[in-house]
Structures are given as structure tokens and as C-alpha cells.
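Dear colleague,

Here is the structure I promised to hand over, and below it you will find my notes on what turned up in it.

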Amino acid sequence: MVTASKIAHGFEMVGCDGLNVGQFEFAAGYDFLKSIADTSDIPFISANLKNVSNGGYAFIPYRIIERNGFKIGVTGVTNLLPANINDLKMEPYLETGQQMIDELKFKTDFIVMLVNAKQNEYKKVKDAFADADYLFLSGSTQKTRPDQDQAIDGPKEYSCGKQGKFLTQIDLTITNIDSPVVDISSAAAKIKTINKRLENLQKRDPEKPLLEIFTDNQTMLKLIKDYEIQQVEAQKTLDRAVNTNEYTSVSMSRKIKDQAEVLDFVSSALLEIKSIKNSERKPINAANQKRKVTKKRS
């Protein structure tokens with residue numbers, strides 16, 4: 001229980017504008033989760049979980065965030081309520097999500113849907129929430145690739161993968177609110193990949209142009225020309241985009257420099273949790289210890 005409280009406080013330190021309540025948040029039951037939500041600065045969100053006792057929302061159904069003159073509506077749903085949670089009832093998540101989108105349309109500039117569902121539900125989710133701008137999906141172990149094509153008219157969808165090993169970062173640049181938002185992740189990734197491949201080919205002879213290096217190799221000449229055509233097309237995509245959306249998947253590795261304040265908090269929290277666990281250990285019953293057997297000398 002202490003661990004969950006520390007995690008929530010850690011999110012507060014980092015900064016969290018909303019947390020969609022899903023399957024794993026209920027590991028210690030609803031009452032405990034509610035106590036964390038009531039004492040945290042983090043907005044716990046769920047549009048389709050309601051109290052059995054009074055029919056009211058178990059958590060706030062959505063929140064509106066203002067950033068740089070834009071209003072962003074954030075709502076969340078789940079269809080993975082654990083069977084042992086009897087305090088809550090789960091309203092149909094697709095229908096409820098659609099109702100939230102309809103309500104937020106007239107209040108916000110962008111709508112973000114946080115969805116906790118199994119991967120085999122994602123096609124239905126995307127169809128049902130076609131009027132949302134962004135879908136962030138949990139419940140799948142698959143991670144969105146930077147080269148994955150994203151819709152222009154429909155919602156852009158992202159999945160972080162598993163175990164919190166990756167952070168999904170979306171950089172949104174709006175120049176004209178009336179123009180569509182174009183995802184440039186695939187084009188940018190393609191240019192980066194091709195540049196790397198051409199650089200590797202150039203290493204064979206840095207003093208000569210590529211076409212001269214492979215003048216007698218028609219297969220390689222064709223490949224190089226194909227790369228150049230792909231580069232031009234990808235660059236056109238970047239140049240034509242008025243409003244851009246770029247996705248980056250950041251690995252939560254040791255290469256990321258720790259913020260001193262957060263590192264101190266994590267270290268002290270781990271020591272406190274370890275101390276509590278040690279104090280809760282039951283003393284070993286001497287009767288259950290393995291007895292030494294001595295052989296009698298003949």
C-alpha cells in the first residue's frame with residue numbers, strides 16, 4: 001500500500017494532468033484506490049465507472065486542460081474492470097466514450113481519449129471514437145512504431161507497450177487551426193534511415209560520389225536512386241504540412257539523466273518500503289527449521 005502511495009507522489013513530482021483508471025489500478029481494491037485519488041493532486045479519470053450505491057461517477061469523467069491558448073479535453077474509459085470489484089459498475093465503454101466526445105466537441109479544440117482495453121478491441125475503439133483527435137491505448141504489449149502511418153481525418157493512435165519501459169512523446173505544432181494536423185513521424189523517420197544507409201555506403205570511398213563508387217553495380221545504382229526518390233517524397237511531406245504532429249518513443253533507460261530531486265525521492269521511498277517489508281516479516285518458527293541429524297558411532 002505504501003508503494004502505491006509513493007508512486008502517486010512520484011507522478012505528482014513529475015507532473016501528471018490526468019490518469020485513466022484501468023485494470024491494474026484496482027490491484028488493492030476500489031476503497032484503497034479512491035483514498036489515493038482523494039489525497040492526490042493527480043486527476044483520476046473514468047467516464048464509464050460508476051458507484052453501485054448511488055449511480056454517480058467513481059472518478060471525474062473528464063477534464064479540460066488549457067495550453068498555449070488551446071483547450072484540450074481529456075477523458076478515459078475501460079472495459080477491463082476486475083471481477084472482484086463489486087463497488088462499481090462498468091457502463092458500456094464505447095457508447096460512453098462517444099457521449100463524452102459529443103460533449104467535449106463544443107468545449108475544446110482537441111479531444112484526447114485514454115482507453116484501457118485489450119488489443120483485439122482496438123479496431124472497434126478507433127471506429128467508435130472517430131471524432132477524437134488522439135487515442136492513447138493501454139492493455140496491449142505492442143508499442144507504436146515511428147514509421148506507422150497515422151490518419152489525417154481520424155484519430156491518431158498510440159500504445160506505449162508494456163511495463164513502463166517507454167514514454168510516448170507527441171510534439172504538436174499548430175500554425176492554422178483550420179488546417180489538418182499531419183503526422184510527420186513516418187517521413188522524418190524515413191529520411192533519417194535513408195541518410196544513415198547512404199552514409200554507410202559512402203564509407204567505402206569518402207572521396208568519390210556514390211554513383212561513381214558503384215558505377216559497375218547496377219543493383220546498387222538502382223537502390224541509391226530509389227533512396228533519393230524516397231528522400232524527396234518524404235521531404236515534400238514535411239514541407240507541405242501546415243500543422244504537424246511528431247511521435248517519439250523514448251526508452252526509459254539509464255541514459256536519461258536523473259533529476260536530483262526525483263532521484264532523492266525514489267531512493268528514500270525504496271529505503272522506506274524495504275524497511276516496512278523487513279519489519280512485517282514473520283519470525284521463523286524454530287520447530288520448522290531443519291534439524292541436524294547426528295550419526296551414532298558404532
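Gln150 sits in the loop that joins strand S8 (134–138) to strand S9 (156–159), strands being DSSP E runs of at least two residues and helices H or I runs of at least four, numbered from the N terminus. This is a predicted model, in which local features need pLDDT of at least 70 and side-chain atom pairs count only at pLDDT 80 or more, while totals for chains, interfaces and linings use all residues. Residues are numbered from 1 along each chain as its sequence is written, and side-chain values use heavy atoms, with hydrogens and water left out.

Gln150 counts as buried because its relative accessibility is 14%, where buried means under 20% relative accessible area (1.4 Å probe, protein chains only). A polar atom of the Gln150 side chain lies 3.0 Å from the backbone oxygen of Glu157. Leaving aside residues up to four places away in sequence, Gln150 touches Thr144, Lys156, Glu157, Tyr158 and Asp183, a contact being heavy atoms within 4.5 Å.

Tyr158 belongs to strand S9 and, at 1% relative accessibility, also counts as buried. Its contacts, again without residues up to four places away in sequence, include Phe136, Thr144, Gln150, Asp183 and Tyr247.

Elsewhere, helix H5 (residues 185–202) and helix H7 (residues 218–240) pack with their axes 9 Å apart, at an angle of about 150 degrees, the axes being lines fitted to C-alpha atoms over the stretch in contact and angles running from 0 to 180 degrees between N-to-C directions. H5 is therefore roughly antiparallel to H7, a term for angles over 145 degrees.

Best wishes

Note on methods:
Buried < 20%, exposed > 50% of the residue type's maximum accessible area, 1.4 Å probe, protein only. Polar contact = N/O pair within 3.5 Å; in protein donor to acceptor, adjacent residues only side chain to side chain. Parallel < 35°, antiparallel > 145°, perpendicular 65-115°, else oblique.
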